[in-house]
Amino acid sequence: MITQATIDTVFETARVEEVIGDFVQLKRAGSNFKGLSPFSSERSPSFMVSPVKQIWKDFSSGKGGNSVAFLMEHEHFTYPEAIRYLAKKYNIEIEETEQSDEQKATVDFRESLFLVSEFAQKYFNHTLLETDEGKAIGLSYFKERGFTMETIKRFGLGYSPQAWDAFSKEALGKGYKLEFLEGSGLTIVKEDKNLLDRFRARVMFPIQSMSGRTLGFGGRILTNDKKAAKYLNSPESELYHKSKVLYGIFHAKQAIAKQNNCYLVEGYTDVIQFHQTGIENTVASSGTALSPDQIRLINRLTKNITVLFDGDAAGLRASLRGIDLILEEGMNVKVCSFPDGEDPDSFARKYNFEQVTEYLEANSKDFIQFKASLLMEDAKHDPVKKADLIREIVVSISKVPDRIQREIYVQECSRIMDISEQVLVSTLAQLIQKDTIEAGKKLKNDQQKPLEVVKDSSSVSSTQKIDVQNEIERKIIEILLLYGNVEEEFEDVLLRNNEEGEIEQYTEKRNYKVFDRIYLSLQEDEVELANPLFLDIYNNIMTFFRQNETFNTEHYLNQLPQELAQEVTDVLMEDEKVTLHKWEGQNIIVKEKSHTISQYVTETILTLRWFLVDKIIEELKKEISSASDADNSETLSMVMDYYKLIGSFSSKLGRVMSRYHI
């Protein structure tokens, strides 16, 4: 585990504009930088980076944060992976917390396997491009497939020589230990202790993790040896678990997130050919049956999968079971097949980007339509087969966790298969009842989801009802973030007895830290922020101010939970973009930050008070209106008192505002 000291050093050293500049072309815009969003397609730049605040904000997608947050969003790193990436970029030595000997051995073993795998990838690539054998056999094959040199280099393709132990000898000669060569599956140690290269005489496809590290290899034989497997993958190891990786995910992840769709194909060359054509949101299951772990990997990037099948009907039927797994993960799935004799590789070689894209859009079908069109030919004249097909489709629908989606699919199935919805619903209920017995907990969670939606939508609705108050509270959070630790002079209104013994008001100037002044003002009015997120940030930042003598935005952001950090980043980056002119129509005017901070703070607090008092007046008016026959004198008196209070707000705001109306 990385020590906190290392993490702190990384945050102190990393410059957000430098980190993002490696991925996005940034141009200076005043004190900030601007660029095109890497998360969406746009022509006008809405991606902003603040070197002063060390944060970024993408106004097109709503995403934002610090340098680590960018790497987690853009590169889809885990938090430790992002820290390690930055440590490597800035040459920071990573300190680990104290580990047991067993833990150290495990970490060292895994890291050694990574080093061996990365050496192997470079060796195979060098052999392909720089040796006579590699050029004559491997490079010729790739060129015949239509791969350009740029594509070959991008995917790190390679060639393993025909000699029995060429790679193993080279690796041992470079100082790599045999136990790691064997542990990675690259070298086979025979009973007579002789060494054998697992992938000899094959073209090589490196299989990378989401973060780009080499986990294993796929190798294709080029001879007609019927005893040898056409494709050979690395064996299961500490690094490589075939059911948990997707070929091409490292190169495809940004395009998948940006396009909000993932094309899932079967083989290595399918992926490479699609990428070369320009369709980069493509990955492969590497010839293995699709697994839940692979689907969850895609789910980190998008909710939408389009499965691309070869034109072989037998292969289509065998692959349909993967669709149910995708549905079970709560994802949206479409299916597209190619004409007989075609696969994604051959199809992409024949047509250009526009033609392939047009074909995919025109032929991608909902899974119900696809299953029906695929299997209906055999079933349409046989009632029993048709019943089996309908039952098979209903089984797929039963895998969908979302109830609304299930209902829509039932309607679609009813229309396509010409069967009543009632029968389908009844069959679906029986399947779900069966699932309840087998997995009661899962169904219970599923049944609770609609209640959660109702609760959430209610929450949103209430937020919308207090939109003005929400904006004022947001402004309070902004003040705390920008000026909270600044000391300013404020006017206090105090009471005293005059010479006649009467109580009178007078003002006295005192110095306060801005955060103290806001805290005291809200306490005085017994006001608590209504927005739960702002309230959490308010409580957090107040605690931070009391525990730290200085306030550094970057330091503060680093200790925040992700859900709060996102909102804080939004507030900071929208500082200069927020305009309040729309409030004038609601008799709520908040001054721009053109005068002193104390005036700005005072005005914002008074505006919140004014808004809350105005709400009380409106409620009292409704009370009077609904009880027209009753004695409303006491309520009317209260309304007049509140109007006097608003008058005092007017007087106070008039001293600090050049413009005011009611």
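Met204 sits across from Gly219 of β10. The model here is a predicted one, so to speak of local features a pLDDT of at least 70 is needed, and side-chain atom pairs count only at pLDDT 80 or more, while totals for chains, interfaces and linings use all residues. Numbering runs from 1 along each chain as its sequence is written, and side-chain values rest on heavy atoms, with hydrogens and water left out.

Take β9 (residues 202-208) to begin with: seven bridges join this strand to β10, and the two run antiparallel. Strands here are DSSP runs of E, at least two residues long, numbered from the N terminus, and two of them pair if DSSP finds at least two bridges between them.

On to β11 (residues 231-233), which pairs with β10 in the antiparallel sense over three bridges. Gly218 has Asn233 of β11 as its bridge partner. As for β10 itself (residues 214-221), eight of its eight residues are buried, so the strand is largely enclosed by the rest of the structure. Buried means under 20% relative accessible area, with a 1.4 Å probe and protein chains only.

Then there is Gly158, part of strand β6 (residues 158-160). Gly158 is buried too, at a relative accessible area of 0%. Leaving aside residues up to four places away in sequence, Gly158 touches Phe124, Asn125, Leu128, Phe142, Arg202, Val203 and Met204, a contact being heavy atoms within 4.5 Å. Gln121 is 37 residues from Gly158 in sequence, yet their C-alpha atoms are 7.2 Å apart in space.

Notes: Helix = DSSP H or I, 4+ residues; strand = E, 2+ residues; numbered from the N terminus. Buried < 20%, exposed > 50% of the residue type's maximum accessible area, 1.4 Å probe, protein only.
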